[in-house]
Amino acid sequence: MTRSHRIRLATLTALQVAGLFSMQAAQAIPPPPDREPRVLTLAPGTTVRVEDRVLAYDHPVFAFDARKGERLLVRLADPTGTLVLALEAPSGAMVLDGARPGADGLQMLLNETGRWRASVLMEGDGARVGGRAVFTFTLERR
């Protein structure tokens, strides 16, 4: 072992003893908690349109009340093409996870009564590189 290797080893050992350096594997930083849901008033026969932004690990969550048997039309206008939709039923079951509503939107027949939660999320490379995007989210309750 050369003199420079011994000096580096002694320095690392001193830093470990002082608690300033660790040989343990780095742990991933957990994402921040979800935003509090923004409650949307969505009466039967009405449409709600929301404009917002998404950051890689900070996504908006919307909540609305609806009844079993009602129809819901969901639209997501996303110029970046990196956003997807998640929809959670009042029971906590994921009804949509990573959906991309087409140009005509996504029409659904709701199977539960209560408070539904919709999240707009960034996927793929956009999320990995800390991307951001603006979007328009439209719900129509029929």
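This is a predicted model: local features need pLDDT of at least 70, side-chain atom pairs count only at pLDDT 80 or more; totals for chains, interfaces and linings use all residues.

Visitor: How many bridges join strand 4 to strand 9, and in which sense do the two run?

Guide: Six bridges join them, and the two strands run antiparallel. Strand 4, which covers residues 71-77, also pairs with strand 7, again in the antiparallel sense, and that pairing has four bridges. One example is V74, whose bridge partner in strand 7 is L106.

Visitor: What is the order of the strands in the open sheet?

Guide: The order is 2-9-4-7, so to be read from one side of the sheet to the other, since two strands count as paired if at least two bridges are found between them. This open sheet has four strands with antiparallel pairing. At its edges lie strand 2 (47-55) and strand 7 (106-109), each of which pairs on one side only. If direction is ignored, neighbouring strands of this sheet are turned by 20° against each other on average.

Visitor: And how should I place these strands within the whole chain?

Guide: The chain contains two helices and nine strands, and from the N terminus on its elements run α-β-β-β-β-β-β-β-β-α-β. Among the contacts with a separation of 6 or more, 75% are between residues 24 or more positions apart.

Visitor: Which aromatic pair does a search of the whole structure find, and why is it called stacked?

Guide: To judge such a pair, one looks at the distance between the ring centres and at the angle between the ring planes, where planes under 30 degrees apart count as stacked. The search finds one aromatic pair, formed by F62 and F137, whose ring centres are 5.1 Å apart and whose planes stand at 15°, so the pair is stacked. It links distant parts of the chain, because F62 belongs to strand 3 (residues 61-66) and F137 to strand 9 (residues 132-141), 75 residues apart.

Visitor: Are F62 and F137 buried or exposed?

Guide: Both F62 and F137 are buried. In the chain as a whole, which has 142 residues, 32% count as buried, while the chain exposes about 9100 Å², with carbon and sulfur atoms supplying 54% of that area.

Visitor: What would a residue between these two classes look like?

Guide: G98, which has its place in strand 6 (residues 94-99), has 38% relative accessibility and therefore counts as partly exposed. Leaving aside residues up to four places away in sequence, G98 touches V84 and L85. The C-alpha atoms of G98 and L83 are separated by 8.4 Å, although the two residues are 15 apart along the chain.

Methods: Residues are numbered from 1 along each chain as its sequence is written. Side-chain values use heavy atoms; hydrogens and water are left out. Axes are lines fitted to C-alpha atoms, for helices over the stretch in contact, and angles run from 0 to 180 degrees between N-to-C directions. Rings of Phe, Tyr and Trp (its six-membered ring) pair if their centres lie within 6.5 Å; planes under 30 degrees apart count as stacked, over 60 as edge-to-face and the rest as tilted. Buried means under 20% relative accessible area, exposed over 50%, partly exposed in between (1.4 Å probe, protein chains only). Contact means heavy atoms within 4.5 Å. Accessible areas come from the Shrake-Rupley method with a 1.4 Å probe; for residues, only the protein chains shown count as cover.
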